[in-house]
Structures are given as C-alpha cells and as structure tokens.
Amino acid sequence: MTHKTVITCKKCGKAYLYVSTGNPYPGGKECETAYCPYCGADGPSEFISGFIYTYKIDEQGNPIYI
Ligand SMILES: [Zn+2]
C-alpha cells in the first residue's frame with residue numbers, strides 16, 4: 001500500500017510530496033517521521049510498518065525523484 005500526499009512545510013512554507021509505503025500499524029511502536037526535503041523540519045509522522053519518503057516538487061507539482 002502506497003499513499004501519496006502533497007504537504008506544505010510548516011516551517012519554510014514549501015510544498016513537497018509525502019509518500020508512505022507499507023501498512024498502517026496501529027499500536028505499533030515504530031513511528032516514522034517525514035522530514036521536509038528543503039529545510040529538514042519535522043513533518044507528519046505516523047505509525048506504519050513501512051517507510052516514509054519525501055520528494056521536492058517542481059512548479060508544475062511534479063515530484064522530483066532523485
Ligand atoms: Zn521546510
């Protein structure tokens with residue numbers, strides 16, 4: 001299961017793509033946190049048995065995969 005959302009960083013105000021993979025893991029102790037790819041500020045976090053990735057997006061809103 002992959003979930004993609006565009007998020008606006010609360011610190012620098014830039015938009016980035018938030019991608020979480022794996023399954024929601026309620027009750028789990030592993031809390032994955034997203035970090036802003038521009039300034040490194042903490043983003044959303046969730047309990048998930050997977051990984052969270054963040055990508056910068058260009059002016060057209062397309063993710064920039066590095
Ligand atoms: Zn930021």
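This is a predicted model: local features need pLDDT of at least 70, side-chain atom pairs count only at pLDDT 80 or more; totals for chains, interfaces and linings use all residues.
Figure 1. G13 lies in the loop that links β1 and β2. This glycine is exposed because 10 other C-beta atoms lie within 10 Å. C39 is 26 residues away from G13 along the chain, yet the C-alpha atoms of the two are separated by 9.8 Å.

**Figure 2. The whole protein chain, with its four strands.** The chain contains 4 strands and 0 helices, and its elements follow the order β-β-β-β from the N terminus. With a radius of gyration of 12 Å, close to the 11 Å that the globule rule gives for 66 residues, the chain is as compact as a globular protein of that length. Its C-alpha atoms fill a box of roughly 35 × 25 × 15 Å along the principal axes. Of the 66 residues, 14% count as buried. Among contacts with a separation of 6 or more, 44% join residues 24 or more positions apart. The mean pLDDT of the chain is 90, and 95% of the residues score at least 70. Strand β1 (residues 2–8) has the highest confidence, at 93, and strand β2 (residues 15–24) the lowest, at a mean of 89.

**Figure 3. The open sheet in the order β1-β2-β4-β3.** The 4 strands form an open sheet with antiparallel pairing. Strands β1 and β3 (31–35) are the edge strands, each pairing on one side only. On average, neighbouring strands of the sheet are turned by 15° against each other, direction ignored.

**Figure 4. The pairing of β2 with β4.** Strand β2 and strand β4 (residues 42–56) run antiparallel and are joined by 9 bridges. Two residue pairs can be picked out along this pairing. Y18 stands opposite T54 in β4, and P24 has I48 in β4 as its bridge partner.

**Figure 5. The hairpin of β3 and β4.** These two strands pair in the antiparallel sense over 4 bridges. The bridge partner of Y35 is D42 in β4. The hairpin has 6 residues between its strands, and G40 in the turn has a positive phi of about 80°.

Figure 6. The core has 6 residues, namely C9, Y16, L17, Y18, A34 and C36. Strand β2 supplies the largest share, 3 residues. Beyond residues up to four places away in sequence, Y18 touches T5, I7, A34, G43, P44, I52 and T54. Of these neighbours, A34 is also a member of the core, and T54 is the residue that stands opposite Y18 in β4.

**Figure 7. V19 and its contacts.** V19 is found in strand β2. When neighbours within four places in sequence are left aside, V19 is in contact with T2, K4 and Y53. V19 and E32, 13 residues apart in sequence, are 12 Å apart from C-alpha to C-alpha.

Notes. Residues are numbered from 1 along each chain as its sequence is written. pLDDT is the predictor's confidence in each residue, from 0 to 100. A nonpolar core is a set of buried Ala, Val, Leu, Ile, Met, Phe, Trp, Tyr and Cys residues joined through C-beta atoms within 7 Å. A residue is buried if 20 or more other C-beta atoms lie within 10 Å of its own, exposed if 12 or fewer, and partly exposed in between; C-beta atoms are placed from the backbone. Two residues are in contact if their C-beta atoms, placed from the backbone, lie within 7 Å. The radius of gyration is taken over C-alpha atoms; the globule rule is 2.2 Å times the number of residues to the power 0.38. Two strands pair if DSSP finds at least two bridges between them. Axes are lines fitted to C-alpha atoms, for helices over the stretch in contact, and angles run from 0 to 180 degrees between N-to-C directions.
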